[in-house]
Each structure stands twice: as structure tokens, then as C-alpha cells.
Amino acid sequence: MRIGILGSGLMGGKLGTIFARAGHEVVFSYSRGKEKLNKLARDARGKARAGTPSEAAKDADVLLLAVHWLRIDDVLNQTGDLSGKVIVSCSLPMTADDTDLVIAHTSSGAEELAKKVPKTRVVSAFGTVPSEVLFDVFESRRKATRPSLVYCGDDPKSKKIAAELIRDVGFDPVDGGPLRIARYTEPFTLLIAQLAYEGKGGPRLAYRFERFGE
């Protein structure tokens with residue numbers, strides 16, 4: 001697939017790298033400096049390159065949205081017309097200091113994103129795993145036992161695309177249902193982040209917590 005990465009932080013950088021190494025054509029975009037995007041593309045290898053958000057969106061089969069909530073309007077304005085595009089979002093609707101959700105319970109960041117770009121097809125995925133474990137999961141993806149990752153959305157075809165990407169990263173995709181399920185997965189994602197970055201066990205503890213039911 002042709003995948004546009006909107007965001008060059010931890011999730012955007014790591015997932016974009018993994019997608020490229022899994023054989024997809026990847027365009028990294030949206031950074032304060034182009035050199036960072038060029039480095040991401042070089043390190044990712046495969047069919048990866050740097051570009052602008054509009055270049056990332058052009059001809060893309062799917063876009064990964066991985067920017068801070070406060071920058072979503074800016075990056076969307078730079079992409080241009082997104083009609084018909086599939087957007088996989090792992091962005092949480094966080095306050096400026098990343099201490100709390102600004103949208104929760106009665107709606108979700110994913111649902112608000114869908115309202116911002118109503119002619120797109122939004123899927124929420126990848127938020128409930130710390131970025132630090134992504135490479136390890138990808139490297140062990142051929143093992144019989146694969147960790148689960150929940151995703152949700154309203155459009156069946158878009159969800160199939162998201163499920164394929166989840167498998168490529170090394171997870172077993174679990175369909176959580178319609179996009180409104182993000183109202184429950186996003187607060188859970190915040191809990192995962194708090195365990196990962198404020199607890200004693202670090203990201204791996206949060207990752208184990210995600211699989212606690214097993």
C-alpha cells in the first residue's frame with residue numbers, strides 16, 4: 001500500500017519505519033525540519049521518502065495520523081482535500097501539557113476527527129501499545145503467539161485495511177466495533193501511557209497489562 005505518515009514523533013516515526021520494512025511505500029511528513037524526515041526515510045529503508053503533508057496524502061491508500069491533538073487542524077489544512085481517504089488515527093485528544101483528555105466519555109478524539117473531515121473514513125488503532133515495544137513485536141511477528149491490538153471504525157473496507165497494517169506490525173487485530181468504541185479505548189490508552197511512563201515497570205509493564213486477560 002501507499003501510506004502517508006502525518007507526524008514524525010515516536011508513533012509516526014516507528015510505525016512508518018515498520019510499514020516501510022514490511023514492504024509498503026511510505027511518505028514521512030510533518031516535522032519542524034526536513035532533515036528529520038529525510039533521516040526517518042533513510043533509516044526506514046525500502047520504499048520510504050520524505051515529503052510534505054500534501055505529498056503524503058496524494059495517491060495514498062491510507063494515512064496514519066500521529067500528531068498532538070493541538071496540531072491536528074494545522075496538519076489537516078496542509079494535506080488539502082482528503083475526500084475518500086482512509087485515516088488511521090493513533091492521536092489522543094490531550095491537553096497542551098499532556099496531563100488529561102480534553103474529550104472523553106460522551107465522544108472521542110476519533111469521532112471528533114471524523115467530524116472535522118466528514119468525507120474521510122476514520123479508523124482508530126495503535127494507541128493502546130507503547131511505541132517502545134513496536135520494533136520488538138515486529139521482529140517477532142512470525143511467532144505462533146501474537147499480541148492482540150484493538151481497533152474500531154464504522155467503514156468495513158477501511159477496517160480491513162487497518163487490520164492488514166496491524167498484522168504487518170506483528171499484532172493480531174481485534175475488531176472493537178464502531179468508531180464510538182474509541183470513547184472507551186482512548187481513556188484506556190491514557191492509562192497505558194501512565195503505566196508506561198510513570199510506573200516502575202516502564203513500557204513493557206504497560207504492554208503486559210494490555211494482555212492481562214490472557
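Which helices each supply at least two residues of the lining of the largest pocket? H1 and H8 do. The model is predicted: local features need pLDDT of at least 70, side-chain atom pairs count only at pLDDT 80 or more, and totals for chains, interfaces and linings use all residues. Residues are numbered from 1 along each chain as its sequence is written, and side-chain values use heavy atoms, with hydrogens and water left out.

**View 1. The largest pocket holds about 980 Å³ of space.** It is lined by 33 residues, and Met11, Val67, His68, Cys90 and Asp98 are the closest to its centre. The largest share of the lining, 7 residues, comes from H8. Helices (H or I, at least four residues) and strands (E, at least two) are DSSP runs, numbered from the N terminus. On a 1 Å grid over the protein atoms alone, a pocket is an open set of points with protein on both sides within 12 Å along at least five of seven lines, a cavity is a set where a 1.4 Å probe fits but cannot get out, and lining residues have an atom within 4 Å of a point. Grid points are joined across faces, edges and corners, and a volume is the space filled by probe spheres set on the points.

**View 2. The structure holds 1 cavity of 30 Å³ or more.** The largest cavity has a volume of about 130 Å³. Of its 16 lining residues, Ser124, Ala125, Gly127, Thr185 and Thr189 lie nearest the centre. E7 and helix H8 (182–198) each supply at least two residues of this lining.

**View 3. A search of the whole structure finds 1 aromatic pair.** The ring centres of Phe19 and Phe126 are 6.1 Å apart and the planes are at 65°, so the pair is edge-to-face (centres within 6.5 Å; planes under 30 degrees apart are stacked, over 60 edge-to-face, the rest tilted; rings of Phe, Tyr and Trp, the last by its six-membered ring). Phe19 belongs to helix H1 (residues 10–21) and Phe126 to the loop between strand E6 (121–124) and helix H6 (134–139), 107 residues apart. Phe19 is buried, with a relative accessible area of 1%, and Phe126 is buried, also at 1% (buried is under 20%, exposed over 50%, partly exposed in between; 1.4 Å probe, protein chains only).

**View 4. Strands E7 (residues 148–153) and E8 (residues 172–175) run parallel, joined by 4 bridges.** Strands pair if DSSP finds at least two bridges between them. Val150 has Val174 in E8 as its bridge partner.
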